[in-house]
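Let's take a friendly walk through this protein. Have a look at the fold first, and then we can go through some of its details together.

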Amino acid sequence: MDRSQKADSVAQLTEVFNQAGVVVVTRNLGLTVDQSTELRTKMREAGASYKVAKNRLAKLALKDTDYTGIEEFLNGPTALGYSEDPVAAAKAVVDFAKTTDKIEIVGGSMGATKLDEAGVKALASMPSLDELRGKIVGLVNAPATKVAQVVNAPAAKLARVFGAYGAKEAA
């Protein structure tokens, strides 16, 4: 990798760190190509990305970003999982780590908040942004449904009473 390629790589990583909602640092313990492809696919499906980056270049890209706390995690064969959704990358990596012992979660960061392995796992157990939005819509929609049921209930009762009187007189 020549100097201009390194500069481009640092610029791309800096952009990633400026846009990411969460960054998860993992250690590769012998992932096969198939396993790595499977992990990248799962990350993409979750709306996240997974990138193997040279530690030295990643450390240069971390300067002047909120993620400077993860610099200590960048040693050895590491890779970065990141997403704009604060839960997506953590959830995808933790789910994949449950299926194999070839990847280790080292730590991560959510903005300026540094997370250890337990913090990343706790973050992964939280509902995603889309799930939270769905719950909020359900909570907002529930009172309106109940109001409609309460308003319609007296009319339905009256209709049943008239129907019963009609059936009684017809008999």
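## Salt bridges, a helix pair and a surface patch

Counting a side-chain nitrogen of Lys or Arg within 4 Å of a carboxyl oxygen of Asp or Glu as a salt bridge, the count comes to four. Keep in mind that you are looking at a predicted model. One of the salt bridges joins the side chains of R27 and E104, with 3.9 Å from N to O. R27 belongs to strand β1 (residues 22-28) and E104 to strand β4 (residues 103-110), so this pair ties together parts that lie 77 residues apart in sequence.

Next, turn to a pair of helices. Helix α4 covers residues 88-99 and helix α5 residues 117-124; their axes are 8 Å apart, and the two pack at an angle of about 105°. On the α4 side, the contact is made by A90, K91 and V94, while α5 brings in V120, K121, L123 and A124. Sorted by class, this contact has five nonpolar residues and two charged ones, with no polar residue.

Finally, move to the surface. Here V161, F162 and Y165 form a nonpolar patch, and together they have about 340 Å² of accessible area.

Key. Residues are numbered from 1 along each chain as its sequence is written. This is a predicted model: local features need pLDDT of at least 70, side-chain atom pairs count only at pLDDT 80 or more; totals for chains, interfaces and linings use all residues. Side-chain values use heavy atoms; hydrogens and water are left out. Patches are made of residues with over 30% relative accessible area and no salt bridge: like charges are joined within 9 Å, nonpolar side chains (Val, Leu, Ile, Met, Phe, Trp, Tyr) within 5 Å. Accessible areas come from the Shrake-Rupley method with a 1.4 Å probe; for residues, only the protein chains shown count as cover. Axes are lines fitted to C-alpha atoms, for helices over the stretch in contact, and angles run from 0 to 180 degrees between N-to-C directions. Helices (H or I, at least four residues) and strands (E, at least two) are DSSP runs, numbered from the N terminus. Contact means heavy atoms within 4.5 Å. Ala, Val, Leu, Ile, Met, Phe, Trp, Tyr, Cys and Pro count as nonpolar, Asp, Glu, Lys and Arg as charged, and the others, Gly among them, as polar.
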